[in-house]
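Reader: Can you put the model up and take me through the interface between the chains? I'd like the cut-offs as we go.
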Amino acid sequence: MRRPVYLGASGLVCARGHTPAVVSTALRAGECSSSWRLHGNRRFPWFALPLDETDWLERAAWAVRQVGESLGPLASATPLFVASSSFQVGLCETRPPPYELPVANASFSRQLATWLRLDEIPPYSFSNACISGFSAIDAARSLIAAGQIDEAVVLGCELANASTLAGFAALELLSPTACRPFDRDRDGLVLGEAVAAIRLSATPTPWRLAAVRTGIDAWSITGPDPDGSPIAELLGECLHEAGLQASDIDLIKLQAAGSPGTDLAEANALRQIFTTGTPPLLSLKSAFGHTLGASGVAELAALLACLDDRQIPATAGFVTPDPQLALQPTTAGRQQTVRHALLNLIGFGGGLGCLIVAHER
Amino acid sequence: MIHLDTALSQQFVPADLPTAVRSLLGKPLRRAPALAQLAVLGALACLPAERRGRPTALLWQSTSGPRLETLELLDEVCQGSGEPLPFTFLATVPASAAVQLHPFVPGLRTASTLPLESEQAANWHLLLSIAANWLNEGRYEQVLCAHLDHWSDSLNGHWLALSATTSGSAPATLRAATGEAAIQLADTPDFPVAVARWLAEAPGQPLRLHSPAAPGLAVEFART
């Protein structure tokens, strides 16, 4: 048995707003302001959730419940797939040393399930760094397609913590100023928070999950092969699974976090697959940050909200084309109906992810 | 048909891990976190050399996750200078185990890390269901399913290696649970220990892994 899988209602809380519709409007308006986060004597731009609340757990609870409201009514036995790279680390940091972690490293997922009122059965968790969201979607999709479950919720959750910021800072991966996707002057990524969720179902909706693939680029733990060939290979596999040609893709949501090496690898990969030219290229990370384990679900929810509005927003932060990349993202918003959109992820730790959505006419 | 090629379990005292790796590879895995080293040891024990280039997926779950490494990072970030050593941070990224494993299993196409939310239960039912779906679709030729834990006093690796094509010696097959009588087992981290024990006995009833919370994902092994 193999049946189509569809994408249903979604929820999203990120720096640009507290619902997918609000985020779509903000993206169309070009909003991309960020705050700052201190790390020792350095400070880095930072996309925080739009909340006045400062207590870590209260912020998490509010954001998850808000996302749950956007999803609509759900049976409490709906399987929940959680994607995160940090889970409750930020909460542990708020408590006095010696630091303690739960024995089971994803026990925070139970709390997330409770907030979503999906706690009748234990949640499943995925921690694949930046591609965690697509890994979780891939797993849920596999079970629905095989008829083993009928519906699932995939939740991406990445909340403020000093450990991740410090780790990325130590590796000199962060921009001290701003995220500039595919720009000649890009100098690193900007982190952000997000909680996002999406319903997957065997029941038809306007958006079908046409393909999803994850892969490995073993060039380095911290960055992809500069020539982009492992990324290109995965893009090709994903197109093949969807039964599409590169020319069928109307829009690409890039990884494009503004990292010098990763943006180059992504551009090189795209040129290998889209040999006769690329469709519009869009990065969302300059609008609400690189939200790591949540990014797959958060960017999918934001993109579908834009596409439901027939809008392709401009990519914030892009000013100067990079001749080495020879590709540039959208510089102005436009109205366009998109039939097939491809979403690309390139993960810290060697993970790759690619997903294609198809609008069912 | 999905074949079970291997069921094995490994245990190490943390201090012995580098020696085990060196004796297997002839060199140390410098700066590789313990879970990554455990992944290499287990994967190579599951896959004979001639199968390591075949399209392979790795699905591994963990109760501990990089717990000790995360505590070290918290100490460095929150109590130390605030600037951790890069490798202290990298050791907290479990997904990086795939990069460490890839040179030894060049056919490795994807890997997914599934941290567990309970210390009592495991998600073998999920791993095996996904693995069977992928193999049935022809997406990969073999899928390694594992449970890896790194505690302060022990390192544990439990493995089940599945494939779409048998080498002729596969001792069992994997299928969706049937209605026939079977030995029922709970989904616990050391499930492969029970599988290996069942394989060592004379052929009899199938071995069923049943998770009450996910009845649609019940699977069972049958002797070939």
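Author: What follows covers the conventions, the interface, and then some local features. This is a predicted model, in which local features need pLDDT of at least 70, side-chain atom pairs count only at pLDDT 80 or more, and totals for chains, interfaces and linings use all residues. Residues are numbered from 1 along each chain as its sequence is written, chains are lettered from A and ligands numbered from 1 in the order written, and side-chain values use heavy atoms without hydrogens or water.

Reader: OK. How many residues of chain B are in contact with chain A?
Author: 55 residues of chain B touch 60 residues of chain A, where contact means heavy atoms within 4.5 Å.

Reader: And what area is buried between them?
Author: About 4500 Å², with carbon and sulfur atoms giving 62% of that. Buried area here is the accessible area (1.4 Å probe) that two parts lose on being put together, summed over both.

Reader: How many salt bridges between chain B and chain A?
Author: Four. The rule is a side-chain nitrogen of Lys or Arg within 4 Å of a carboxyl oxygen of Asp or Glu. Over all chains, that rule gives 26 salt bridges.

Reader: Which residue does A:R2 form a salt bridge with?
Author: B:E137, with the closest N and O atoms 3.0 Å apart. That pair crosses between chains: A:R2 sits in the segment before β1 (6-14) of chain A, and B:E137 is in helix α6 of chain B. Helices (H or I, at least four residues) and strands (E, at least two) are DSSP runs, numbered from the N terminus. B:E83 and A:R42 also meet through their side chains in a salt bridge, at 2.9 Å from N to O.

Reader: Which elements of chain B give two or more residues to the side touching chain A?
Author: They are α3 (67-79), α4 (86-90), α5 (97-101), β3 (108-115) and α6 (124-137) of chain B. The largest share, nine residues, comes from α3(B). By class, that side of chain B has 28 nonpolar, 19 polar and eight charged residues. Ala, Val, Leu, Ile, Met, Phe, Trp, Tyr, Cys and Pro count as nonpolar, Asp, Glu, Lys and Arg as charged, and the others, Gly among them, as polar.

Reader: At what angle does α3(B) pack with α6 of chain A?
Author: About 85 degrees, with the axes of α3(B) and α6(A) (residues 162-170) 10 Å apart. Axes are lines fitted to C-alpha atoms, for helices over the stretch in contact, and angles run from 0 to 180 degrees between N-to-C directions. The two helices are therefore roughly perpendicular, a label for 65 to 115 degrees (under 35 is roughly parallel, over 145 roughly antiparallel, the rest oblique).

Reader: Which residues meet there?
Author: A:A162, A:S163 and A:A166 of α6(A) meet B:L73, B:L74 and B:V77 of α3(B). That contact has five nonpolar, one polar and no charged residues.

Reader: Switching to chain A. Where is the cis peptide bond?
Author: Between A:P97 and A:P98, with omega about 5 degrees. A:P98 is in the loop between α3 (89-93) and α4 (108-116) of chain A.

Reader: What about the phi of A:L292?
Author: A:L292 has a positive phi of about 50 degrees, although it is not a glycine. A:L292 lies in the loop between α9 (285-288) and α10 (295-308) of chain A.
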